[in-house]
Amino acid sequence: MSLAVQMRGIGKSFGAVRALDDVHLEVEAGTIHALVGENGAGKTTLMRILYGAIHATDGTFEVKGQPAKFRNSAGAIRAGIGMVSQHYSIIPDLTCLDNLMLGAEPGWTIDKRAAEQRATELAQRMGFEFDWSAEASTLSPAGAQKLEILKLLWRKAEIMILDEPTAMLSPADSDALYGSLKQLVADGATVIVVTHRLPEVMQHCRDVTVLRGGKFITAKPVAETNPAELAELIVGHAMPPPSVRSVPDNAEDLLRVVNLTVAGHRGDDAVKSATFSLHKGEVVGIAGVDGSGQRELFQALMGTSKLRHGELILGNWSLHEHSIAERLRMGLRLIPEDRHEEGVVEVWSLELNAALGLQRFPPLAVGTIVNDEARHQAANEMARRFNTKHGGIRQPMASLSGGNQQRFVAGRALFLTPRLILAFQPARGLDIDATRHVYEGIYEECEKGAGALVVSFDLDELLQFCDRIIVMNGGVVTQPNSRDRAVIGRHMVGVAS
Amino acid sequence: MKIWALLAIAVGLVYGALVVAGAAPADTAQSLIQGSLGSAKALEGTMKHFTPLLIAGVAVFFALRAGLFNIGVEGQFTVGALVCAVVALRMPGWLGLIAGILAAAVAGALWAYPAGWIKAMRGGHEVISTIMLNNIAGQLSTAAVAGPFKDPNQQGTTTASIDPALMLPSIWQDPRISAALLVAVLFVIGIWRWLGRTVPGYELQAAGANPRAATLAGIDAPKVTIRAMAISGAIGGIAGALQVVAYEGRFFAGFSSGYGFDALGVALLAGSNPLILFPSAALFAILAKGSTTIQVMNGVPKGISFVILGLLIVIFAAIRYRKVPVKES
């Protein structure tokens, strides 16, 4: 058995922050190796060191038995290492073929026909199919992930690093992806998967390495562990039992979505005659792969896009006839998808950001005058609610990490007695404890009579935290009558019934 | 702290520039100060620059807070001055003075409005549209005082003059300081309080800093943009009007000596704090007035003041807009 990758005593400091400390990683050639840990555990940092994107402060590593020291990613690529990061690097306006070749063109001139032939051969080997002349913007998330893997093969990578490869995929697509990876491994490749989804680790990987807080915790064959033990190793303490919630079946409707049709950005219908309701006190999860119309549904609820058809009724109030400002006054609160662009003003202090969206409501304003004192207190309270780590609430929002911004934004959304909470990927960037805290915060508001709609691309998260799950697929809302993962998975790809 | 840093840069640059120009730095700096602050007459001249720079600076500053780079203050200043002179000359007494200033505010707002509308509704950049509006304002106002509003009793392209007794009074004699200064100071303080203390002020700055987040916070960002541009234009128009009723008494072709453009520098140096408009406008005014003295006394070309201001703004912008390293998440 030979080692494809051996990293020893890796340390990395960003200024005063010790992101990695004495971390080891041994990956056997021809296997799928899982690297697990919470957000901020250092998984991605370790992989970026291996990929030559950043340099380790301490430690050494060997690739295929050879000491390696990459000046940059180009060096790593020459050594046969490839990496697909969490955010795809595909340029939507280019064709699939152009994306495939980008940065690794065969020469100064490009023979498209020869290139396409080689691309097709690579795809066939993996059992993929591509329309090479189509724009990459037409790809589904699963298609984009496949193209990313082909990009690695195009570059002749033998050691592939995949960072959260299934984050955007449906259960069926995830299984198919691992099927392809197993085939690659059978052909002699080595795969390192960075993930936080334990079922995947248990089902598809041979070995697992656990990191926590930038430190190496353990490495063992998957066969010798179980999900409960892994979860405990990842978090560092025993997991508390899931909180028990009971939602009265006969609770009155809080929100009714009736025959809702919303235009997508290409002019097609992104939400198609959706009808469902949310009861008072209920947390409803919306499952579905990315781009199934969740975004447009939320836009319609918030008021940033117009309805083509249908009604939105909150209590006995026609939501869709009112402005965003009026909806906020009625108690709509959003935890937005993109906190940088939609949730905060990054150059502003936490204190100023505390009022964003609540700026007209007492106690933050008295009439049209800003109440500094109240805003100051509110900011402190919002930061405290989900343990936002910050260097003072007068510091700019940009000084916070993404996860901490998310905590603050969640704290703000729950601050002034929300009535309808719209949460788009509320756990994004949060560790397991923080995710639970945010959901518990949402439960608290629900017990006071609010309701919550949660969109997540992580079905396991929804299964764990939501009272009921509905599914969106191609703009159509379906309501599975079971909480079975496989049943919901079939709804997500539209093969239910 | 920020002001001291700024002052340090300014002093260094003054010295540096003078050395380059081949003059004795200490002597030249002395005549610069002497010529701008050293006597009642010098101070009077500096104040004449300071007042319009300050108000026009407020106009630019206000738009900047709303995320708009209003290069059109020069045009709004010109249109405001023309309209003020025309109205004041046609109405009797004090009524003319007040009506003239109000009309100038309306004219400035209307002159800025298209730029705001195009930006908010069509995404057209306000820099382009305001530059074009500046050119139109310059040509139209010249045509106006060459044609319909020309004083038939005079050779040049100018309106008639307002009765000096009906101009804006002074609040101080020797050096004579016009009440326009008071108006300017009130504007700065008013804007400072409005932006910092009121909900509309907060919303305007939110729309300027992140329109998407502002929209989700219930703020009608396009409306705020259009309104902010119009208000900025109104302030620019008032700056022009005050120049007529406080100092010139008339409007003539080539009325503005570039106050609207200098105001861009004044506002940029102020950063996000309106109170820094005071030292910032003072710096511009002192250099504008003092540079005439150093040309006469020390033989240093007057243009050196522009070199200094230009360097200052470049250095300041380099510090202020430097790239902040992206955080590892």
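**Close-up views of a predicted two-chain model**

**View 1**

**View 2. The loop between β1 (170-172) and β2 (177-178) of chain B holds B:Pro175.** B:Asp174 lies in this loop too, and the peptide bond from B:Asp174 to B:Pro175 is cis, with omega near -5°. Most peptide bonds are trans, and most residues other than glycine have a negative phi. B:Asp174, although not a glycine, has a positive phi of about 50°. With 10 C-beta neighbours inside 10 Å, B:Asp174 counts as exposed.

**View 3. A:Thr417 has a positive phi.** The value is about 30°, and A:Thr417 is not a glycine. You will find A:Thr417 in the loop between α14 (402-413) and β19 (420-424) of chain A. Is A:Thr417 buried or exposed? A:Thr417 is exposed, because 11 other C-beta atoms lie within 10 Å.

**View 4. Chain A meets chain B.** Here 28 residues of chain A are in contact with 19 residues of chain B. On the chain A side, the elements giving two or more residues are α10 (324-329), α11 (339-343) and β18 (369-370). By class, that side of chain A has 17 nonpolar, 8 polar and 3 charged residues.

Note on methods: Residues are numbered from 1 along each chain as its sequence is written. Chains are lettered from A and ligands numbered from 1 in the order in which they are written. This is a predicted model: local features need pLDDT of at least 70, side-chain atom pairs count only at pLDDT 80 or more; totals for chains, interfaces and linings use all residues. Two residues are in contact if their C-beta atoms, placed from the backbone, lie within 7 Å. Helices (H or I, at least four residues) and strands (E, at least two) are DSSP runs, numbered from the N terminus. Ala, Val, Leu, Ile, Met, Phe, Trp, Tyr, Cys and Pro count as nonpolar, Asp, Glu, Lys and Arg as charged, and the others, Gly among them, as polar. A residue is buried if 20 or more other C-beta atoms lie within 10 Å of its own, exposed if 12 or fewer, and partly exposed in between; C-beta atoms are placed from the backbone.
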